[in-house]
Amino acid sequence: MSTLAQPRLRPASHATRWSRRAAGALAFAALIELLSRTGLADPEFLPPATEIVGRAATLAADPAFRAHALTSLLAWAIGLGLATVLAVPLGLLLGSVPIIDAATRSVVEFLRPIPSVALIPLVALVIGTGLQLRVTLVVYAALWPILYNTMYGLRGVDPLAKESLRAYGFGPLAVLLRVSLPSSAPFIATGVRLAAGVALILTVSTEIVAGRGEGIGVFLFFAGIAVPARMADILAGVFWVGLFGVLVNALLVAAERRAFRWHHARLGVAE
Amino acid sequence: MLEIDNLSHVYGGGTPNAHHAIEGLNLSVAEGELLCIVGPSGCGKSTLLRSIAGLITPTGGQVKVEGNVVRQTPDNLAVVFQDYSRSLFPWMSVADNVALPLRRKNMDKTRRKEAAHEALESVGLEGAARKYPFQLSGGMQQRVAIARALAYRPTLMLMDEPFGSVDAQTREDLEDLVLKVRGHHQMTIVLITHDIDESVYVGDRVVVLSKAPAHVVGDLKVDLPGPRDQITTREHPDFVHLRAEVGRLVRGHATV
Amino acid sequence: MLEIDNLSHVYGGGTPNAHHAIEGLNLSVAEGELLCIVGPSGCGKSTLLRSIAGLITPTGGQVKVEGNVVRQTPDNLAVVFQDYSRSLFPWMSVADNVALPLRRKNMDKTRRKEAAHEALESVGLEGAARKYPFQLSGGMQQRVAIARALAYRPTLMLMDEPFGSVDAQTREDLEDLVLKVRGHHQMTIVLITHDIDESVYVGDRVVVLSKAPAHVVGDLKVDLPGPRDQITTREHPDFVHLRAEVGRLVRGHATV
Amino acid sequence: MRTAVFRTVVLVVLVLVWEAVTRLAGSPFFPPPSTIVARMHAMWFSGPYVLTDAAVGNILPSLGRMALGFAGGALAGVVLGLALGLSARAYDYLDGVLQFLRAIPPPALVTVFLVLFGFGLRMQLAFIMFSIVWPVLLNTADGARSVEPLHLQTSRVFRLSRGERIFRVVLPSALPKMFAGLRLALSLSLIVMVFSELLPGTTNGIGFQLTDAYATFDLPAMWAGIVLLGVLGYLLNELFLVVERRVLAWHHAAQELVS
Amino acid sequence: AACTSGVETTASAPPSASVSGLEKTKLKIATLPAIDSAALYVAIDQKLFEQEGLEVTPQVVQNAPEAIPMLLNGEIDAMFGNYVSMFAAHDKGSLKLRILAEGSRAAPDSLSVMALPNSPIKTAKDLEGKTINVNVLHNFQELALTQVLKANNVDPATIKYVQVTFQNIMPSWKGGQIDAAYLGEPMVTAATASMGARKILDPASGPAAEFPISGYVSTQDWYDKNPKVSAAFQRAIHNAAKLMETNREAVAKVLPNFTQIDAATAATVTFPYFSSNDNPVRLQRVADWMLEAKWLTKAIDVKALMSPTTSG
Ligand SMILES: Nc1ncnc2c1ncn2[C@@H]1O[C@H](COP(=O)(O)OP(=O)(O)OP(=O)(O)O)[C@@H](O)[C@H]1O
Ligand SMILES: Nc1ncnc2c1ncn2[C@@H]1O[C@H](COP(=O)(O)OP(=O)(O)OP(=O)(O)O)[C@@H](O)[C@H]1O
Ligand SMILES: [Mg+2]
Ligand SMILES: [Mg+2]
């Protein structure tokens with residue numbers, strides 16, 4: 001997908017690309033292995049990569065861990081879904097009606113930097129703990145990337161494209177939905193991918209602080225209070241979270257490539 | 001049909017870079033007329049078109065379409081933009097691009113599709129319906145933009161250098177197509193062109209604008225015998241005379 | 001100077017939508033020559049230009065510039081793209097747009113500025129130097145793109161319908177400007193146009209392409225007495241003859 | 001002007017509603033804004049030169065951490081984003097690992113950070129950068145990948161050097177998207193700053209005060225921290241918008257054609 | 001005497017007879033994954049709640065403050081929490097506290113300030129000016145150590161406390177980022193065995209001997225609505241504590257269920273004292289020291305928050 005590099009006679013084949021990916025992942029694993037084995041990082045606290053991955057494999061077979069993982073993924077999925085459903089229309093509204101954006105900006109910008117740690121007790125008090133707490137915090141955090149990418153995406157829409165539809169007598173709403181939205185959809189999708197990561201982090205982090213017994217975060221917490229802390233367990237749990245992140249990202253990217261073929265094909269023209 | 005009254009437009013008004021694009025322009029177009037506008041590059045033709053379409057609010061004067069002052073885009077209007085490639089939607093196939101405006105027309109899906117294909121066929125692009133705009137050549141994109149406007153069957157059609165990117169043969173075919181469609185569907189057409197021959201060939205009237213700020217410096221009635229024909233009309237003595245006249249007006253004011 | 005050898009290009013090769021744009025095209029251009037290319041819309045002219053500029057890798061055959069097979073953009077080449085408005089950088093003023101490529105030329109900042117202003121002046125845009133592209137009319141943008149290519153003083157210049165959006169007077173001025181610059185600076189120029197008169201007027205040679213997939217169907221030497229002049233040249237009997245000849249070739253192959 | 005008035009009205013109404021609702025509810029967990037403001041004044045703004053020692057000792061170090069973390073994270077995000085957006089090779093090698101790291105909840109990695117960076121500022125900065133780099137990175141990569149093809153072709157035709165292509169073509173066209181990422185990262189850096197001040201060994205900062213307040217159930221103090229963060233977030237964002245308006249003037253102007 | 005008459009009637013009734021008349025029988029209690037909350041699990045395990053007609057479900061939370069919102073919005077009936085946090089919450093009006101039953105007190109060697117074998121710190125005096133970790137700032141660890149340091153002629157004000165989460169104590173300690181570690185069980189046992197760490201000071205000695213750490217608490221409101229349940233609950237906890245005094249195995253058996261302590265470690269760690277009766281006098285000490293440290297804005301009469309012991 002290099003658009004800047006001079007055209008190569010043959011773009012890299014699938015095999016080359018996958019082997020590069022594997023090489024990248026292996027190099028990263030090797031780095032951790034090395035840090036740990038050479039004692040640069042105390043192996044008691046950063047076990048070698050082989051041990052982490054080995055442990056991760058056994059965890060996958062552990063029904064207790066699978067139950068934790070399922071709980072987390074459920075909260076993640078609900079949270080991300082809700083965030084998307086809320087943020088896109090909100091972004092369209094704020095991005096297309098400047099006066100509303102200006103009027104609400106102080107409130108929005110005031111709310112944005114409030115950390116979830118401060119919110120946990122307050123939200124817990126109002127709506128209770130459990131799934132709803134996690135989902136609320138996930139939505140609260142995952143909302144922003146989608147909202148901002150929607151707003152900024154709208155600004156990047158070619159004005160002439162909007163005029164073209166307006167000239168046929170379409171109203172502002174039709175122009176918004178039929179031109180601005182599809183045109184900025186690829187960037188909104190990037191926002192959703194960002195939010196997917198944020199949502200995952202928030203799910204697990206909330207569980208670490210206030211998990212009420214279920215979720216990968218709780219698993220991590222308990223591994224951490226063991227004496228000595230079960231670092232291999234913690235990092236194996238982290239490994240699964242990271243891997244899930246990679247999978248979700250890959251899925252979303254694949255979906256983007258399908259949905260926005262017009263976008264990618266056009267950009268690929270330069271090759 | 002169309003009444004332009006002392007129209008003025010200033011871009012960036014109030015700033016030191018203010019630019020007077022149009023000043024005190026008066027013009028009226030009768031129902032069913034095909035008016036050609038010619039004028040030097042950068043004089044304000046596209047600005048005039050945008051004002052008629054209600055896409056910009058002129059800083060002075062007013063535009064009336066069918067007696068109503070234009071505040072937003074009038075109904076049953078179609079525009080072929082000068083920058084045709086940017087006016088096509090890259091996320092839609094060519095056929096969808098053409099069919100989209102028809103949603104305003106209470107047509108069902110199949111009817112819209114049919115109408116789009118018909119329009120594409122009329123501009124010689126029946127084979128490109130399922131392609132995306134970026135897969136077309138410049139001239140083909142321009143023809144898609146024309147097809148989109150034609151399929152819409154507007155009562156007022158605004159065309160900004162609509163045939164600039166096609167070859168001579170296609171250009172003639174498109175000129176005749178516009179004449180034919182106009183006759184069938186009683187459209188009023190305002191067409192901007194740089195091709196003086198073209199303006200005389202397709203126009204019922206040719207208006208020549210001065211360089212910026214634009215105002216009318218010539219308004220010629222084209223009284224050629226119809227139906228027009230690429231060979232006989234262009235050989236008609238009136239044609240030769242009118243074309244020379246328009247040429248003189250344009251040249252005179254381009255260099256003043 | 002330029003040698004095109006059995007060139008073919010297929011878009012989307014391997015897919016069911018594969019499109020043969022060029023097939024078995026041979027062409028050579030001598031040093032200092034001004035070659036005009038005409039051909040029906042969508043035949044493959046821009047594709048050919050892109051191959052020469054090394055922007056696409058043709059699927060068959062090869063292009064040689066000064067004896068070297070083109071794998072990436074050759075040195076000292078300038079292109080005026082058909083889609084001029086998109087080829088200007090919106091975040092730069094017009095003058096900066098023109099001056100940017102000059103960084104390759106070992107010029108210091110003031111020299112670059114001077115050269116840019118000179119070029120803008122030559123296309124009649126001395127007043128627009130500090131504006132941004134979106135503040136210009138279509139024809140003005142096109143002239144900026146021309147000025148950028150001229151200021152660069154390439155040895156090989158590729159122009160894709162460079163005068164399509166300007167009025168008749170400006171068009172003639174620009175034609176003469178290109179002829180003048182070519183004479184002064186020994187450029188080789190390949191110019192795509194749809195205006196048959198223009199092709200004969202500015203060209204040393206006119207090549208006519210068939211409809212897609214493009215190949216050469218006519219190659220006419222233009223042997224008009226120099227220096228050319230808008231009035232006398234166009235009245236020259238050879239001009240009238242050549243123009244009819246080119247017209248016939250284009251029309252014949254556009255409708256086949 | 002009209003929007004400024006409108007905005008103030010909205011703000012005042014909301015604060016009044018907040019005051020009324022919290023007074024009616026009377027929950028110690030939700031003190032009314034007047035109480036919070038009084039507490040903020042007492043804690044931070046009643047010193048001899050406006051700021052109290054507590055403000056100097058907590059707010060300033062926090063802002064310092066945030067600024068350094070933001071700068072480092074933003075720079076890393078832009079550089080990595082450009083690399084990923086521009087080079088298929090860099091994308092292939094790095095994308096997987098970066099997507100992996102992006103999904104990892106930083107709180108789970110505290111021990112690893114501690115072992116690698118030790119207590120204190122270095123670790124806090126690493127923590128902030130690690131958390132805020134992602135929106136900048138992804139949006140920059142998106143921007144760098146969606147540069148108008150004709151712009152790239154133009155720069156290729158005129159043989160611009162690699163640096164010129166990146167700094168004069170790719171970067172400016174990616175800027176609008178990059179700014180969306182930077183704006184996200186800015187408020188994120190405030191949030192993560194608070195988290196970083198919960199990390200082992202921290203002894204000052206807004207986040208430290210905030211959590212200490214909650215641990216001792218000093219809820220007005222906790223709310224003072226929340227409100228301070230909100231106000232800082234708002235002010236930083238306004239500053240950011242001023243910069244953005246300057247840098248993206250061409251973009252905004254070109255957009256205003258319509259409407 | 002400070003108690004309401006309702007409590008006294010309940011108090012005089014024999015345990016077995018109180019089954020009837022309970023306001024509710026199903027209780028949800030928040031507990032911590034630490035040895036201190038063992039009594040609740042022993043009471044469940046030994047069916048002591050059942051005997052009282054109660055069905056208790058423990059809800060493990062990760063820290064006590066997290067449970068307070070749950071208590072306030074009725075998700076749980078009571079919680080196990082440390083007194084310092086609870087008194088602070090009570091003092092600030094976040095919670096109208098009611099202590100249902102005492103829980104744990106520090107036993108000798110169940111808490112320890114320790115140094116690594118090669119550390120220059122040998123005696124309590126050497127701690128002066130040093131950095132020591134605590135789980136949470138301004139909590140019972142600091143409170144007790146302050147008293148013990150004073151008794152050892154060390155100025156407590158010179159100690160720098162840093163908050164370090166459980167999991168990060170060992171790496172911070174090994175990395176030299178804390179000079180001495182303030183540990184609780186089972187870390188004390190582990191640090192002694194695996195790292196040869198030396199005990200410098202027992203924070204639960206001298207003036208802070210048998211320092212009360214945590215108890216079972218609810219809101220005054222809940223208590224007023226459920227006086228009989230409260231009494232029954234208190235009896236079951238105290239009975240469990242009594243049983244635990246003589247029966248170490250009963251404790252060791254339940255530990256792996258809710259802590260991360262395996263059976264082998266459970267057999268060797270030092271347990272805290274589990275209170276088999278409620279004693280306002282020793283608990284008052286905590287409140288008084290907090291007031292002394294200015295962690296409270298006003299004195300708390302602890303006795304008013306407690307019920308007299310009703311079990312055997
Ligand atoms: N990226 C692409 N993908 C697929 N097909 C393409 C692509 N670009 C061009 N084509 C096709 O190749 C053919 C030649 O296109 P090209 O742009 O070279 O035509 P042209 O001769 O320049 O036409 P015009 O005079 O209209 O500009 C067209 O039929 C077009 O549909
Ligand atoms: N958005 C804008 N801001 C400032 N000036 C503008 C803007 N748009 C157009 N102009 C200026 O207004 C004048 C008229 O522009 P317009 O596009 O109407 O010209 P035109 O007659 O269509 O020219 P052409 O034949 O070259 O398309 C030009 O000088 C141009 O520089
Ligand atoms: Mg125009
Ligand atoms: Mg072309």
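These notebook entries record what I looked up in a predicted model with several chains.

**Ground rules**

I number residues from 1 along each chain as its sequence is written, and I letter chains from A and number ligands from 1 in the order in which they are written. Because the model is predicted, I take local features only at pLDDT of at least 70 and side-chain atom pairs only at pLDDT 80 or more, while totals for chains, interfaces and linings use all residues, and side-chain values rest on heavy atoms, with hydrogens and water left out.

**Entry 1: chain A as a whole**

I began with the secondary structure of chain A and found 11 helices and zero strands, where helices are DSSP runs of H or I of at least four residues, strands are runs of E of at least two, and both are numbered from the N terminus. Along the principal axes, the C-alpha atoms of chain A fill a box of roughly 70 × 60 × 30 Å. Of the 271 residues in chain A, 58% are buried, a word I use for under 20% relative accessible area, with exposed meaning over 50% and partly exposed in between (1.4 Å probe, protein chains only). I also looked at contacts, meaning heavy atoms within 4.5 Å: among those in chain A between residues at least 6 apart in sequence, 70% join residues at least 24 apart.

**Entry 2: what the UniProt record marks on chain A**

The unreviewed UniProt entry places "domain: ABC transmembrane type-1" at residues 69–252 of chain A, and I keep in mind that its positions are given in the numbering used here, that feature names are shortened, and that annotations may be inferred rather than shown by experiment. In the model, residues 69–252 of chain A are 86% helix and 0% strand, with the end C-alpha atoms 20 Å apart.

**Entry 3: which chains touch**

Seven pairs of chains are in contact, and I noted that chains A and D share the most contacts among them. Chain B and chain E do not touch, their nearest C-alpha atoms being 50 Å apart, and no contact joins chain C and chain E either, where the closest C-alpha atoms lie 51 Å apart.

**Entry 4: the interface of chain A and chain E**

I then turned to chain A and chain E, where the contact takes 26 residues from chain A and 20 residues from chain E. The buried area, which is the accessible area (1.4 Å probe) that two parts lose on being put together, summed over both, is about 1900 Å² here, and carbon and sulfur atoms give 61% of that area. I found two salt bridges across this interface, counting a side-chain nitrogen of Lys or Arg within 4 Å of a carboxyl oxygen of Asp or Glu. In one of them Lys174(E) pairs with Asp42(A), the closest N and O atoms being 3.5 Å apart. On the side of chain A that touches chain E, helix 5 (116–127), helix 8 (172–210), helix 9 (216–225) and helix 10 (231–259) each supply at least two residues. Helix 9 of chain A gives the largest share of that side, five residues.

I looked next for backbone exceptions, since most residues other than glycine have a negative phi, and most peptide bonds are trans. Glu185(E) and Pro186(E) are joined by a cis peptide bond with omega of about 5°, and Pro186(E) sits in the loop between strand 8 (181–184) and helix 8 (187–195) of chain E. His138(E), which is not a glycine, has a positive phi near 55°; I located His138(E) in the loop between strand 6 (131–134) and helix 6 (140–151) of chain E, and His138(E) is partly exposed at a relative accessible area of 28%. Asn76(C) also has a positive phi, about 55°, and lies in the loop between strand 5 (68–69) and strand 6 (77–80) of chain C. I count Asn76(C) as partly exposed because its relative accessibility is 30%.
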